[in-house]
Amino acid sequence: MRRISTSDLIYARVLLEENVPFESARSMHRIFQTNDRLVEVLESPIVDAQAKYNIIDKVFDKPVCNFLKVAVNNGMIDDIRAIYNAYKEMYFKSRNIILAKVRAAGYMTDEQIENLRKFIIEKFGYDSVEFEIEHDSSLIGGFVLKVDDFEYDHSVSGMLKQLKSNIIK
């Protein structure tokens with residue numbers, strides 16, 4: 001992933017200051033993540049501006065359309081992923097939300113997620129928690145939680161590594 005530029009930060013700040021709903025920005029990000037061809041079309045000098053605007057109006061949530069049209073005009077569509085990442089960081093910080101990344105060996109129940117939420121809020125003092133959960137069968141069982149620089153390994157593979165380390169000592 002490339003570094004976030006000053007231009008990315010400026011565009012992210014515009015998204016934040018225009019009060020674009022987080023879900024609309026996340027939806028925009030997901031669309032770009034899953035459709036590289038869309039970026040190519042919106043960046044293409046061959047496709048005229050009005051055709052690009054029509055695509056934007058048909059594909060994206062209304063709250064992000066004007067923002068994307070400005071980004072198209074200024075050749076910033078290729079940077080939209082970095083802009084979103086900067087926006088997300090600003091958005092979370094402004095609302096005292098922490099991002100928790102969880103790698104889980106299997107499906108996590110709502111109860112497990114809620115227990116993690118309570119643990120994180122109590123331990124770190126944030127108002128809310130946003131989760132990114134990914135499946136990782138190499139963990140064998142359990143999960144690994146990462147919040148800021150804190151990592152909590154509650155996985156079977158982590159326990160096996162710890163046991164092996166203790167035996168070797």
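How much space lies in the largest pocket? About 590 Å³ lies there, in a model that is predicted, with local features needing pLDDT of at least 70, side-chain atom pairs counting only at pLDDT 80 or more, and totals for chains, interfaces and linings using all residues. Residues are numbered from 1 along each chain as its sequence is written, and side-chain values use heavy atoms, without hydrogens and water.

A pocket is an open set of points on a 1 Å grid where a 1.4 Å probe fits, with protein on both sides within 12 Å along at least five of seven lines; lining residues have an atom within 4 Å of a point. Of the 21 residues lining the largest pocket, K88, F92, L99, K101 and E132 are the closest to its centre. Helix α6 gives the largest share of this lining, 6 residues. By class, the lining holds 8 nonpolar, 3 polar and 10 charged residues.

The second largest pocket has about 150 Å³ of space. Its lining consists of Y11, V14, L15, E18, V20, P63, N66, F67 and V70. The elements giving two or more residues to it are α1 (6-17) and α5, and α5 provides the largest share, 4 residues. This lining divides into 7 nonpolar, 1 polar and 1 charged.

Helix α5 (residues 62-73) also packs with α4 (residues 49-59): their axes come within 10 Å and cross at roughly 150°. The two are therefore roughly antiparallel (angle over 145 degrees). In the contact (heavy atoms within 4.5 Å), K52, Y53, I56 and D57 of α4 meet C65, L68, K69, V72 and N73 of α5. These residues divide into 5 nonpolar, 1 polar and 3 charged.

Definitions and conventions
Axes fitted to C-alpha atoms, helices over the stretch in contact; angles between N-to-C directions. Parallel < 35°, antiparallel > 145°, perpendicular 65-115°, else oblique. Nonpolar A, V, L, I, M, F, W, Y, C, P; charged D, E, K, R; others polar. Points joined across faces, edges and corners; volume = space filled by probe spheres on them.
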